[in-house]
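Morning, everyone. Please bring up the structure, and I will walk you through a few parts of it.

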Amino acid sequence: MQASELFLKEAQQTFDVIVVGSGISGGWAAKEFTERGFKTLMIERGRKVEHRKDYPTEGKGPWQFPQRQKVDNLLIEEQYKVQSKSYAFNDATKHFFGNDRDLPYSTEDGTDFRWFRGNQLGGKSLTWHRQSYRMSEFDLNANKADGHGNDWPIRYADLAPWYSYVEKHAGISGNTDGLAQLPDSESLPPFEMNAAEVSMQKQFAEHYPDRPMIIGRCAHLSQTTDYHLQHGRITCQARDECQKGCSFGAYFSTQSSTLPLAVATGNLSIAVDSIVHSLIYDEASNRVKGVRIIDNNDLSTREYFANVVFLCASTLGSTQVLLNSTSKRFPNGLANSSGVLGRYFMDHNYNARSGGILPGFEDEYYSGRRPTGIYVPNFQYEPSRYKKHYARGYALGGSANRGSWKGAHNRDGIGADYKNSLTTPGDWYFGFYAQGEMLPRFDNQVTLHPSKKDKWGMPQLHFNVSWSDNERLMMEDCAEECEKMLKKAGLQYVSSEVSLDENPPGSAIHELGTARMGRDRKDSVLNGFNQTHDIPNLFVTDGSAFCSSATVNPSLTFMALTVRAVDYCANEMKQRRI
Amino acid sequence: MRHPNRAGQDFATESQFNITRRHFIKRLSSIVGGSSAIALAGTSQVALAYSPRKDSASQAGKVLSKAQMKTLSGVCAAVLPRTDTPSAADLDCHGFIDHQLAACYEASEHQAVRASLDAIDAYAQKHSQRAFHTLVNAERQAILRKIEKRNGFSEVQKAQFTFVKELLLFGYFTSEVGATEALAYQAVPGGYKGSTPVTEDTKAWGSMNYY
């Protein structure tokens with residue numbers, strides 16, 4: 001990296017493009033614009049994180065941490081009360097999570113919300129779960145088919161070539177499964193299933209032919225290719241400690257994948273520690289001119305200017321900036337002539353699970369920590385397949401593993417035999433968890449709090465978001481169905497649970513909607529190219545653009561939407577329409 | 001910084017953006033406060049990991065009394081005794097549990113451990129007229145099995161002991177010896193194989209993604 005020129009604080013020039021955010025969407029936008037020759041400024045609110053150099057906990061064993069990777073409870077109480085609810089939060093990863101004390105938000109009485117933050121260069125691309133699935137034609141048609149939400153202005157054919165484009169670069173491991181409900185990716189070889197999973201796969205194929213079980217697709221280099229080697233990326237070593245950062249560059253992150261190429265063009269500048277307060281809007285020309293910044297460290301203010309602005313600041317981050325950018329023409333937030341900015345918030349619903357013991361396979365074990373699981377794609381993917389009492393469906397994630405000392409305290413046992421039972425592979429356990437769709441609802445809304453501000457003076461977000469009966473009925477049904485499936489497949493001691501009341505929206509860290517796309521500018525913020533209906537040189541290409549959540553993990557679609565939007569925008573710039 | 005292209009007239013929120021000096025200082029101090037807290041947190045991250053001590057059982061800990069530490073060392077030796085690998089007491093899991101209780105657990109949880117250890121020692125005193133830690137391992141194990149069977153112990157006492165066991169297993173199997181010698185540890189597995197044979201020598205994996 002040419003660090004001295006690459007990172008800037010003050011800038012006199014007008015850039016071709018400003019990209020706000022450096023996560024999955026921002027990294028792609030920066031790569032695509034710089035490779036097309038546009039001088040691009042990437043703005044990140046958090047600190048600089050350099051690939052390899054800034055992964056201080058990578059490769060450390062638990063005994064090398066003061067509390068063996070658990071976090072001091074006083075620190076959690078004071079600074080990480082929300083963040084600590086993430087499965088991935090621990091002493092080895094907490095430096096890639098935001099500090100709750102500095103990042104306050106409020107919730108409507110009677111509602112709750114968990115907002116997970118990743119404010120650093122690379123954003124949540126460093127800590128994501130890396131599951132990568134295409135949305136299908138059924139997903140993009142769902143709102144039209146059943147009347148919930150507005151119709152997506154795009155269809156699968158619009159995204160398919162862009163999915164292929166990002167997959168080849170990012171590196172997605174998986175099978176070609178040939179399923180209509182889950183289009184195949186351009187794949188690197190799949191990770192293997194273990195013996196217990198292969199057996200479960202056969203059981204489901206026999207008893208539930210409409211619910212095929214596949215190996216999870218993930219953004220990992222399951223094989224070193226010459227292409228990825230050029231970028232300094234090699235094969236996944238199956239450590240599954242990805243959220244510490246990966247010096248092998250084996251999983252897709254901004255640092256491993258998009259940023260190196262953007263930097264190599266010489267067209268990229270990066271402003272870190274720069275919190276976007278609002279966008280600078282010129283009413284006479286109806287264009288955004290740039291952004292207003294508050295410095296993360298010393299609270300000084302500055303401005304950056306560009307011909308085009310891409311908001312890639314995360315669903316809630318982008319919406320917060322738009323809501324906070326007010327003017328005579330847009331008193332309720334920039335590009336909000338429709339009034340739906342902040343509305344139709346969605347997350348995924350991971351609040352049902354079921355599991356049990358699979359007898360047999362005592363001679364089978366596995367080696368390495370696979371960074372993906374098994375997956376059953378949504379099998380209620382069109383109205384004719386819905387359950388009668390609720391709309392849409394859920395996918396299932398899961399895996400089979402042999403028991404270990406974890407959880408073994410609940411088993412009676414004292415002495416040498418007990419110790420021996422903990423140091424040899426235990427029973428096979430197979431479990432499913434739900435990945436349910438959340439309906440787009442007008443009432444699920446984020447607004448700016450009228451008076452509360454954070455320490456930088458930004459109005460706090462106020463959440464009025466809750467699960468509806470549809471989500472509750474879906475999770476209850478999912479737990480029941482999973483139990484049936486697992487019993488049918490021969491599992492013993494099968495149990496299930498629904499955890500909707502323990503985990504409020506936000507918990508899946510798949511925030512979507514709030515600046516949705518649409519054909520009708522009266523009820524949507526963005527057109528089918530992620531361009532705001534109101535202002536031609538303003539684009540939003542993160543999860544806020546989504547019209548429905550579908551059931552698949554959304555990040556691959558963030559990538560595809562972003563590169564498609566850049567391609568469109570670059571062409572419009574060339575034609576001098578922007 | 002001011003830029004020639006700046007469209008200041010549209011900055012409706014100008015007043016809230018232009019921070020007064022007083023507000024600036026107020027906010028700055030809150031940020032400085034935040035920074036030093038972050039620095040402290042950073043320090044705790046590089047703070048030394050718990051190092052096993054030889055004398056943990058002969059003195060009071062941060063949470064547990066000297067007598068409770070002695071009892072706990074006896075519990076550690078009994079639950080995970082010395083086999084071809086060290087016992088939990090050999091690895092000073094009792095010292096680690098006290099350390100871990102202080103850092104990661106609440107007062108009510110401290111109390112549960114104290115109550116459990118007191119009940120164990122009281123049982124030994126009553127039935128053997130000796131302190132628990134002075135019994136031989138077989139005698140200690142007999143008492144602990146009674147707890148698990150709720151034979152002379154209540155449901156609550158069993159739950160308290162299960163919590164002690166949880167801390168004990170965590171302490172043992174996340175220690176370097178526990179993770180790498182009692183179990184098999186792969187720092188860099190090199191890839192995933194879905195099917196490997198289990199032989200008489202196969203140990204469970206001590207390397208995990210999350211602990």
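Start with a hairpin. Strands β16(A) and β17(A) form it, with five residues between them. In the turn, A:Gly457 has a positive phi of about 90 degrees.

Some ground rules. This is a predicted model: local features need pLDDT of at least 70, side-chain atom pairs count only at pLDDT 80 or more, and totals for chains, interfaces and linings use all residues. Residues are numbered from 1 along each chain as its sequence is written, while chains are lettered from A and ligands numbered from 1 in the order in which they are written.

β16(A) and β17(A) pair in the antiparallel sense, over five bridges. Two strands pair if DSSP finds at least two bridges between them. One example: A:Leu448 has A:Leu461 in β17(A) as its bridge partner.

What is the strand order of the open sheet in chain A? The order is β3-β17-β16, three strands with mixed pairing. The edge strands are β3 (106-107) and β16 (445-453) of chain A, each pairing on one side only. β3(A) runs parallel to β17(A), residues 459-464, and two bridges join them. A:Ser106 stands opposite A:His462. A:Thr107 has A:Phe463 as its bridge partner.

Now the two chains together. The predictor gives the complex an ipTM of 0.95 and a pTM of 0.93. The contact takes 72 residues from chain A and 69 residues from chain B. Contact means that C-beta atoms, placed from the backbone, lie within 7 Å. On the side of chain A that touches chain B, β8(A) gives the most, with five residues. That side divides into 20 nonpolar, 27 polar and 25 charged residues. Here Ala, Val, Leu, Ile, Met, Phe, Trp, Tyr, Cys and Pro count as nonpolar, Asp, Glu, Lys and Arg as charged, and the others, Gly among them, as polar.

β12(A) and β1(B), residues 193-197, pair in the antiparallel sense over three bridges. A:Tyr365 has B:Thr196 as its bridge partner there.

Next, helix α4(B), residues 93-104. Its twelve residues reach 15 Å from first C-alpha to last, close to the 16 Å expected at 1.5 Å a residue. The expected span is 1.5 Å times one less than the number of residues. Is α4(B) largely enclosed or open? Ten of its twelve residues are buried, so α4(B) is largely enclosed by the rest of the structure. Buried means 20 or more other C-beta atoms within 10 Å of a residue's own, exposed means 12 or fewer, and partly exposed is in between, with C-beta atoms placed from the backbone. The buried residues include B:Phe96 and B:Leu101. Their cover includes α3 of chain A, together with α3, α5 and α7 of chain B.

A:Asn470 counts as partly exposed because it has 19 C-beta neighbours inside 10 Å. Its C-alpha is 5.4 Å from that of A:Tyr390, 80 residues apart along the chain.

Finally, a caution on confidence. pLDDT is the predictor's confidence in each residue, from 0 to 100. Chain B has a mean of 84, and 78% of its residues reach 70 or more. Over residues 1-46 of chain B, pLDDT stays under 50. Where pLDDT is low, the predicted coordinates should not be read in detail.

Notes. Helix = DSSP H or I, 4+ residues; strand = E, 2+ residues; numbered from the N terminus. Contact = placed C-beta atoms within 7 Å.
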